[in-house]
Amino acid sequence: MDPFVDTLQRLREAFVSGRTRPAEFRAAQLKGLSRFLQENKQLLQEALAQDLHKSAFEAELSEISISQNEINLALRNLRAWMKDEKVSKNLATQLDSAFIRKEPFGLVLILSPWNYPLNLSLGPLVGALAAGNCVVLKPSEISKSTEKVLAEVLPRYLDQSCFAVVLGGPQETGRLLEHKFDYIFFTGNPQVGKIIMTAAAKHLTPITLELGGKNPCYVDDNCDPQTVANRVAFFRCFNAGQTCVAPDYVLCSPEMQARLVPALQSAITRFYGDDPQSSPNLGRIISEKHFQRLRGLLSFGRVVIGGQSDESDLYIAPTVLVDVQETDPVMQEEIFGPILPIVNVRSLGQAIDFINRREKPLALYAFSNNSQVVKRVLAQTSSGGFCGNDGFMHLTLASLPFGGVGSSGMGNYHGKFSFDTFSHHRACLLRPPGLEKIYAIRYPPHTPRNLRVLLMALETRSCSCTLL
Ligand code: NAD
């Protein structure tokens, strides 16, 4: 017995009925999402604290308010985003109406991870609902408390004929993916991304893959070590390092390393005290499995800061490793914890080569007082996003697309990009039924003169003439 059949059929019927298409309906769903956040703020904060020991500060900043901002932006711009987009025409279509219609795909599946279990469920959901789709949300089974709130409370705020939360781990998701969806939006690790893409290929379903990887952080000799240390330590340890865009490792000269290590120690002590384990501001590792994986990574290179761990509390101390080899596992896999290896390079050119020899990252950071250095890193590398002289501040801008490139993902979202991701861009041309005499030059018998006229009429140019 397939547990998903009835739900999927209900949603498909709702989509076919057309009820999700009017702007009023979409706005009502977005307002429902907004009420869900406002009325359940404490419940959500508690759930995030249970799952990840997330502080109220981090929960507000990176889960609740960021989702609220996306909703507010979509509500303010919904009608403008939905409008047909007029396009330029050639001479042959001057009397026609040419436009792009943004139409919903239909039934959308959103698969979300555990590290920002609210934000990474609601963020895509805002785009999918704004674009007029029916949605199945499958939150991560690992972040159990948040999963429970999303499954039990969220649906009460939305039209349940058009929206459903389904639960399960890899096995159940595998069965879910046997069904045909009209769009799949996946956030998670690249290995699972391949499974999702393979399943989507069976139905030729379009997808967005928001994946992860190792995000390099180049630190130039010409910069203030304390400022850099504050920023790198903060973004490395935010959510206990379990952030897809966190700086994963530092590339710098041995001289800069000697100045950076005491500065990192100073920043970590200021942020989390002498005993970070007792700090209310430091999160915990999500599971025993990830804790063991991270503890294993502590044995590579030389620990110069931190290094402590406590299994009973899933605690890993903010840690800095030096003398790390390129071939060490800590440099082979995404760390996804509060561990920062420093790898030495002799020059900017060597740092750029190091970055370019690896998979394209989701984010890339470069610190320097010299803007030419930052610009050179930007120009000579590729990554999903880039931020000069800070951590992942670029993703706070809904005006920037958020997504990876190469093995860090495909497609993007946030703000209007979300709306566009969840909309099919339909190419439309409406022609007058008459004027057959003029259009007849297309038909045989062909002549060289007709060909000349046609080629001129079909030429692509931005033509503002109103005649023919
Ligand atoms: P994950 O890939 O294990 O899980 C993501 C989702 O896929 C979950 O809902 C899970 O139930 C499902 N899933 C897991 N295994 C599956 C399988 N075999 N078949 C079908 N479905 C399966 O990812 P995670 O561990 O929850 O999250 C961490 C990863 O996500 C990291 O690699 C991180 O970089 C990445 N990430 C990326 C972004 C981004 O925006 N690019 C954001 C957050 C996390």
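The legends below describe close-up views of a predicted model.

Local features require pLDDT of at least 70 and side-chain atom pairs count only at pLDDT 80 or more, while totals for chains, interfaces and linings use all residues. Residues are numbered from 1 along each chain as its sequence is written, and side-chain values use heavy atoms, with hydrogens and water left out.

**View 1. The shell of residues around the ligand.** The ligand is surrounded by 25 residues, and W114, K138, E141, L211 and E334 are the closest. By type, the shell consists of 13 nonpolar, eight polar and four charged residues; Ala, Val, Leu, Ile, Met, Phe, Trp, Tyr, Cys and Pro are taken as nonpolar, Asp, Glu, Lys and Arg as charged, and the others, Gly among them, as polar. At least two shell residues come from each of α7 (170-176), β6 (183-187) and α8 (190-203). Helices (H or I, at least four residues) and strands (E, at least two) are DSSP runs, numbered from the N terminus.

**View 2. Polar atoms at the oxygen atoms of the ligand.** A polar side-chain atom of W114 is 2.8 Å from a ligand oxygen atom. From the backbone, an N or O atom of N189 lies 2.9 Å from an oxygen atom of the ligand, and a polar atom of G188 lies 3.3 Å from one. Of the 840 Å² of accessible area that the ligand has on its own, the protein covers 91% (Shrake-Rupley method, 1.4 Å probe).

**View 3. The aromatic pair of F238 and F392.** The structure holds 14 aromatic pairs, where rings of Phe, Tyr and Trp (its six-membered ring) pair if their centres lie within 6.5 Å, with planes under 30 degrees apart counted as stacked, over 60 as edge-to-face and the rest as tilted. One of them, F238 with F392, is edge-to-face, at 6.0 Å centre to centre and 80 degrees between the planes. The two residues are 154 residues apart, F238 in the loop between α9 (225-237) and β9 (249-252) and F392 in the loop between β16 (385-388) and β17 (409-410). F238 counts as buried because its relative accessibility is 4%, and F392 is also buried, at 9%. Buried means under 20% relative accessible area, exposed over 50%, and partly exposed in between (1.4 Å probe, protein chains only).

**View 4. A ring cluster and two charges over rings.** F105, Y183, F185, F402, Y413 and F422 are linked into a cluster by ring pairs. The charged end of R358 sits over the ring of F354, 3.6 Å from its centre. R431 has its charged end over the ring of Y439, 4.3 Å from the centre. A charge sits over a ring if NZ of Lys or CZ of Arg is within 6 Å of the ring centre and within 35 degrees of the ring normal.

View 5. Most residues other than glycine have a negative phi, and most peptide bonds are trans. A240, in the loop between α9 and β9, has a positive phi of about 55 degrees, and its relative accessibility of 1% makes it buried. H414 lies in the loop between β17 and α14 (415-421) and has a phi near 95 degrees. H414 is buried at 9% relative accessible area. The peptide bond from P444 to P445 is cis, with omega near 0 degrees, and P445 is in the loop between α15 (436-439) and α16 (448-458).

Key
A residue is near a molecule or strand if one of its heavy atoms lies within 4 Å of it. A polar contact is a pair of N or O atoms within 3.5 Å; within protein, one must be able to donate a hydrogen and the other to accept it, and residues adjacent in sequence count only if both atoms are side-chain atoms.
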